[in-house]
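My entries are below, in the order I made them.

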Amino acid sequence: MSSKWDVRFLRLAREVSTWSKDRSTQVGAVIVAEDKTPGPYGYNGFPRLIDDEVEDRHARPTKYDWTEHAERNAIYNATRIGMALKGCTMYVTHVPCADCARAIIQVGIEKVIADAASMKDPGFVDRWNEAAQITKIMFDEAGVKLTLVEVPERNEE
């Protein structure tokens, strides 16, 4: 059973995901310290100062060259404020890809709590399932705990 804090932080990650201008999948991530203090967040989108109104940059596969993932954006935001991430937990709306998993491992994040709904989205699973499997293998080898949490509707609490 997930804790109320897991649900709260996943809801926060969902809110952050709404800031993404991605036309198919909005992803949000929030990094939380061991004492449950929320810290840096990120969403999938273009890097700072890069024009995200250029239509051609939003089409697959080109958009993959222009878009940074939410997980790495949260990590980059931590570096901008000088926050060490060793021992932290990342809450994310989708299971991280292998690229993001490497970054999560390298900075010392110990737990990743992902919204279970992401693995029920056929479009996401079709595009990212293979990368998610690699992520799970890397996390297992590195000792990063990955947990999928169901987020109930507010009226179900």
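These entries concern a predicted model, and they start with the salt bridges.

**Entry 1: salt bridges**

I counted the salt bridges and got 8 for the structure. I then went through some of them one by one.

I looked up D52 and found a salt bridge to K21, with the closest N and O atoms 3.2 Å apart. D52 sits in the loop between β2 (38–43) and α2 (63–66), and K21 in the loop between α1 (4–17) and β1 (28–32), so this pair ties together parts that are 31 residues apart in sequence. I checked how accessible the two partners are. D52 is partly exposed, at a relative accessible area of 22%, and K21 is partly exposed as well, at 44%. I also noted that K21 and D52 are linked with E53 in a network of salt bridges.

D22 was next on my list. D22 forms a salt bridge with K63, and the closest N and O atoms of the pair are 2.9 Å apart. D22 lies in the loop between α1 and β1 and K63 in helix α2, so I logged this as a link between distant parts of the chain, 41 residues apart. Are D22 and K63 buried or exposed? D22 is buried, with a relative accessible area of 11%. K63 is buried too, at 7%; the cut-off for buried is under 20%.

R23 pairs with E55, and here the closest N and O atoms are 2.6 Å apart. R23 is in the loop between α1 and β1 and E55 in the loop between β2 and α2, 32 residues apart, and the pair links distant parts of the chain.

**Entry 2: a residue in α2**

While at helix α2 I looked at D65, which is found there. D65 counts as exposed, at 69% relative accessibility. I took the distance from D65 to F46: their C-alpha atoms are separated by 9.3 Å, and the two residues are 19 residues apart along the chain.

**Entry 3: nonpolar cores**

Which residues touch the most other members of the largest nonpolar core? The core has 21 residues, and the answer is I31, I75, L85, M90, I104, I109 and V112. I then listed the elements that supply at least two residues each: β1, α3 (70–81), β3 (89–92), α4 (98–107), β4 (111–115) and α5 (122–142). α3 gives the most to this core, with 4 residues.

A second, separate core has 11 residues, including L10, V16, V30 and V149.

I went back to V112 for its contacts. Leaving aside residues up to four places away in sequence, V112 touches M90, V92, P96, I104, F139, V144, K145, L146 and T147.

**Entry 4: helix α4**

I checked which residues of α4 are buried and noted A98, C100, A101, A103 and I104. The buried residues of α4 pack against α3, β3, β4 and α5. After α4 comes G108, with a positive phi near 90 degrees.

**Entry 5: the cavity**

How many cavities of 30 Å³ or more does the structure hold? I found 1. About 230 Å³ of space lies in the largest cavity. Of the 19 residues that line the largest cavity, T25, V27, N44, H69 and W128 are the closest to its centre. α2, α3 and α5 give two or more residues to the lining, and α5 gives the most, with 3 residues. By class I logged 8 nonpolar, 6 polar and 5 charged residues in this lining.

The largest pocket has a volume of about 370 Å³. It is lined by 21 residues, of which Y43, G45, F46, P47 and N73 are the closest to its centre. β2 and α3 are the elements that give two or more residues to the lining of the largest pocket. The lining residues divide into 7 nonpolar, 8 polar and 6 charged.

For the second largest pocket I noted a volume of about 200 Å³. Of its 15 lining residues, E34, K36, T89, Y91 and K111 are the closest to the centre. α1, β3 and β4 give two or more residues to this lining. The largest share, 3 residues, comes from α1. By class, the lining of the second largest pocket has 7 nonpolar, 3 polar and 5 charged residues.

Methods. Residues numbered from 1 in each chain as written. Predicted model: local features only at pLDDT ≥ 70, side-chain atom pairs only at ≥ 80, totals over all residues. Heavy atoms only, no water. Salt bridge = Lys/Arg side-chain N within 4 Å of Asp/Glu carboxyl O. Buried < 20%, exposed > 50% of the residue type's maximum accessible area, 1.4 Å probe, protein only. Core = buried A, V, L, I, M, F, W, Y, C linked by side-chain atoms within 4.5 Å. Contact = heavy atoms within 4.5 Å. 1 Å grid on protein atoms, 1.4 Å probe; cavity = no way out; pocket = protein on both sides within 12 Å on 5 of 7 lines; lining within 4 Å. Points joined across faces, edges and corners; volume = space filled by probe spheres on them. Nonpolar A, V, L, I, M, F, W, Y, C, P; charged D, E, K, R; others polar.
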